[in-house]
2 protein chains.
Amino acid sequence: MNCLLLYDVTDDRKRAKIADACLDYGLDRIQYSAFTGDLTRNLQEELFVKLRTLLGKKPGRLLLIPVCATDWEARDEHNQGDVGIFAAEEDHV
Amino acid sequence: MNCLLLYDVTDDRKRAKIADACLDYGLDRIQYSAFTGDLTRNLQEELFVKLRTLLGKKPGRLLLIPVCATDWEARDEHNQGDVGIFAAEEDHV
């Protein structure tokens, strides 16, 4: 099932580790702090537990939402120019 | 219907205007660049057109997804400490 994963994490190293974990689970980066991809609910839950563990005691907000096909198809998307998301974490790893 | 609105916008003034528009439409800020709230599909579409207009020709990524009640209930959320999202745009307005 498709899901959307968002995070707000102030600590650079933690944020980079969280982004890496999302990529390891096969999610695609769609914004600086937003990933999406198709994972079973079990894997979604597993990833979320992993991200909580990676965050540890640092301040942060994590949100994972399963998104059904109907809602995903109905999304509005507008992508324009380069916002630098794909090089975003290179400095922090 | 509940919706989720995410954006990646590099220009500080544009980003602040986009955040203001989301608040004007009654959405709640849940992360630095993520809002959620209950809007009819018509209002969701209206807001999205407004955000595209506000962005103009600047680089940016905008995403609005309607989220059905089932998916919203199934979300995983973890909020810990202060990531400063509520004062986030004060410097830019």
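What follows describes the fold of chain A and its relation to chain B in a predicted model. Local features are reported at pLDDT of at least 70, side-chain atom pairs count only at pLDDT 80 or more, and totals for chains, interfaces and linings use all residues. Residues are numbered from 1 along each chain as its sequence is written, chains are lettered from A in the order in which they are written, and side-chain values use heavy atoms, without hydrogens and water.

Chain A contains three helices and five strands, taken as DSSP runs (H or I of at least four residues for helices, E of at least two for strands). Their order along the sequence is β-α-β-β-α-β-α-β. Among contacts (heavy atoms within 4.5 Å) between residues at least 6 apart in sequence, 72% join residues at least 24 apart.

The C-alpha trace of chain A spans about 35 × 35 × 20 Å along its principal axes. Of the 93 residues, 49% are buried, that is, under 20% relative accessible area with a 1.4 Å probe, protein chains only.

How does chain A superpose on chain B? A rotation of 180° with 0.0 Å of shift along its axis does so, with an RMSD of 0.0 Å, by least squares on the C-alpha atoms of residues with pLDDT of at least 70 in both. That is the relation of a two-fold axis. In chain A, the C-alpha nearest this axis belongs to Val67(A), 3.4 Å from it. The copies meet through the same surface, because 100% of the interface residues of chain A are also interface residues in chain B.

Terms used
Buried means under 20% relative accessible area, exposed over 50%, partly exposed in between (1.4 Å probe, protein chains only).
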